Amino acid sequence: LSDLTVEVPCHESLTRQFHTVDICLDATDHSVVEACFGDFERSDVLVHAVGYVHHGSIEECTPADWQRSLAITLTSANNVLSRPIPKMKDLGGSIITIGSVASSIKCFLRCAALRALRCAAYGATKGGVLGLTKSAAADYIKEGIHANAIYPGTIQSPSLMTDRRLTETLGSAEAARKFLIDRQPSGRFGAVDEVAALCALLASDEGAFINGQPINIDGGITI
């Protein structure tokens, strides 16, 4: 679904070094994911950051739309989470999934403009990812594996900047940007680096006591 950068440890010296390998794979295909993870001797940290946003209410979501949403967001999570767990059982590890506060935590229905942002299937499948994450946390806690879900709010990412739906509804990119910032109690978008920093904490020894939690990073929008 996207290009991934994987750091593979090289144990040629006492100082841990890494090789960077670019991998492109279809996370909805179980056999492809299985073959990818088969190349690694161990897995310490997994971050599942895959999702597809179908825009529309329940009435506007066709069976094909639903199946596509389910495959890309939830089936891919099951495929990807299931592969490193056997290799984490001996040494422990951290599983992190990326959800969204949209619909699965909070529904934004405050004004007519947001009718353009309906995402029933997206919220349902991201909610399913949280259930899967909690199951992993409960099932493998005795093996030293902890699993958590990060729920970002409005993050200044490439997908946000290229989304034309709200721009078309409000008449301009500047109006859309102002609308999104105005609904943030913090008065700004979140940064990708802030989400990455939370991932780093959950992946570290300092985050090992956090388990099975949905963690909002949203500038206060769900208060």
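In which sense, left-handed or right-handed, does helix 1 pass helix 2? I will come to that after the overview.

First, the ground rules. This is a predicted model, where local features need pLDDT of at least 70 and side-chain atom pairs count only at pLDDT 80 or more, while totals for chains, interfaces and linings use all residues. Residues are numbered from 1 along each chain as its sequence is written, and side-chain values use heavy atoms, with hydrogens and water left out.

The protein chain has 8 helices and 6 strands; these are DSSP runs numbered from the N terminus, helices being H or I of at least four residues and strands E of at least two. Along the sequence the pattern is β-β-α-β-α-α-β-α-β-α-α-α-α-β. Of its 223 residues, 38% count as buried, that is, under 20% relative accessible area, with exposed meaning over 50% and partly exposed in between (1.4 Å probe, protein chains only). Contact means heavy atoms within 4.5 Å. Among contacts with a separation of 6 or more, 70% come from residues 24 or more positions apart.

For angles, axes are lines fitted to C-alpha atoms, for helices over the stretch in contact, and values run from 0 to 180 degrees between N-to-C directions.

Going across, strand 3 (45-48) is joined to strand 4 by 4 bridges, and His-48 has Thr-97 in strand 4 as its bridge partner. Strand 4 (residues 93-98) and strand 5 run parallel, joined by 6 bridges, with Ile-98 opposite Ile-150. Strand 5 then pairs with strand 6 (residues 214-217) over 4 bridges, again in the parallel sense, and Pro-152 stands opposite Ile-217.

How many residues of strand 5 are buried? The count is 8 of 8, for residues 145-152. In a regular strand the side chains alternate between the two faces of the sheet. Here Ile-145, Ala-147, Ala-149 and Tyr-151 point one way, His-146, Asn-148, Ile-150 and Pro-152 the other, and all are buried.

Back to the helices. The axes of helix 1 and helix 2 come within 9 Å and cross at roughly 30°. The pair is therefore roughly parallel, a term for angles under 35 degrees, with over 145 roughly antiparallel, 65 to 115 roughly perpendicular and the rest oblique. The crossing is right-handed, meaning that the near helix is turned clockwise from the far one by less than a right angle, with anticlockwise being left-handed. His-30, Val-33 and Phe-37 of helix 1 meet Asn-79, Val-80 and Ser-82 of helix 2.

Ser-43 sits between helix 1 (30-37) and strand 3, and counts as buried because its relative accessibility is 8%. Beyond neighbours within four places in sequence, Ser-43 contacts Phe-37, Pro-84, Lys-87, Met-88 and Gly-92. Glu-59, in the loop between strand 3 and helix 2 (63-82), is exposed, with a relative accessible area of 79%. Its C-alpha lies 9.2 Å from that of Ala-120, 61 residues apart in sequence.

Notes:
Pairing = 2+ DSSP bridges.
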